[in-house]
Amino acid sequence: MLLSKNTINFSNYRNIVVLTGAGVSVASGLPPYRGPGGLWNNINPDDHADLAVLENNPGAVWELSGIERKTLENAKPNVAHIALAEFESKLFSSQQFTLITQNIDGLHQQAGSQNVIEIHGNLHRTKCSNTDCSLEPYIDHLSYKETVPQCPLCGSILRPDIVLFGEYLPVKEEWLSKRALRDCDLFIAIGTSGTVSPASQFVRSADYSGARTILINLEPMKPKNPYFQEEYLGLAEEIVPILFGNNDGN
Ligand SMILES: [Zn+2]
């Protein structure tokens, strides 16, 4: 399908939910996880980003997070992040906008987005691995190349505040996402394959709520997810400003 600035008349919608994945941050210099140039082509997530690794070899988790934190040092929001933030700022007061992101880079907030749900956490935060510990997650940009950091309160290892493979989504963020999806009348997933969780589940919820559902991604869905009613192919940094730039709140 061809896309234009009139593809969506946003004033027709009251509860808009956008889900973003790695494709939104590629133009900021961050590699996607899968596909051409993907992080997982060179690094096996089973060895660096799995819950079992955190328990057995936490240094390997920090090794990957250290690389990612280094990459993030120079990353800036791109036009897709900025278009979404400006779009949110121009909505009617009667409209609700929720930006759910799978990205851990914090670039949506840097661009000025307000209502952001980070379902996979944030790489800029460190937290205690002991879930009973009272240490609050805190902003942290260090790489920890040599030693695994320890919690000053309980002595357990500290870890990046991101969701590893084998872990559940954070309870609060999952609940907020489900609530937004339950009420939504327009759901747009951007820069994510649409065929794996959580995008595949979220679109089902949105469709069940009666929402219009749209996927924007570089590559077509394989296999096709029938809950996405429309699919537009292309780079997020090209499509998002066209699609979302037309909203002037009138
Ligand atoms: Zn602790």
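This is a predicted model: local features need pLDDT of at least 70, side-chain atom pairs count only at pLDDT 80 or more; totals for chains, interfaces and linings use all residues.
1. Strands here are DSSP runs of E with at least two residues, helices are runs of H or I with at least four residues, and both are numbered from the N terminus. Two strands count as paired if DSSP finds at least two bridges between them. In β2, T101 is the bridge partner of T20.

2. Residues are numbered from 1 along each chain as its sequence is written, and side-chain values use heavy atoms, with hydrogens and water left out.

3. β1 and β2 belong to an open sheet of six strands with parallel pairing, in the order β3-β2-β1-β7-β8-β9. At the edges stand β3 (116-118) and β9 (230-233); each has a single partner strand, so one side of each is left without a neighbour in the sheet. From one strand to the next, the twist averages 15 degrees.

4. Two helices lie across this sheet. α5 lies across β1, β2 and β7 and runs at about 155 degrees to β2. α9 lies across β1, β7, β8 and β9, at about 155 degrees to β7. Axes are lines fitted to C-alpha atoms, for helices over the stretch in contact, and angles run from 0 to 180 degrees between N-to-C directions.

5. The largest nonpolar core has 25 residues, of which I16, V18, I188, I190 and F244 touch the most other members. A nonpolar core is a set of buried Ala, Val, Leu, Ile, Met, Phe, Trp, Tyr and Cys residues joined through side-chain atoms within 4.5 Å. Two or more residues come from each of β1 (15-20), α5 (79-89), β2 (96-101), β7 (186-190), β8 (212-217) and α9 (236-244). α9 gives the most to this core, with five residues.

6. Not counting residues up to four places away in sequence, I190 touches V18, L19, T20, G21, V24, L84, I216, A236, V240 and F244. There is also a second, separate core of 18 residues, which includes I100, C184, A206 and A211.

7. Is H120 buried or exposed? At 19% relative accessibility, H120 counts as buried; buried means under 20% relative accessible area, exposed over 50%, and partly exposed in between (1.4 Å probe, protein chains only). H120 lies in the loop between β3 and β4 (121-128). Its contacts, not counting residues up to four places away in sequence, include T101, Q102, D161 and P198.

8. β4 is part of another open sheet, of three strands in the order β5-β4-β6 with antiparallel pairing. Its edge strands, β5 (138-139) and β6 (158-162), each pair on one side only. Two bridges join β4 to β5, and R125 stands opposite I139 in β5. Helix α4 (residues 58-73) packs on this sheet and touches β4 and β6, with its direction at about 135 degrees to that of β4.

Technical notes
Contact means heavy atoms within 4.5 Å.
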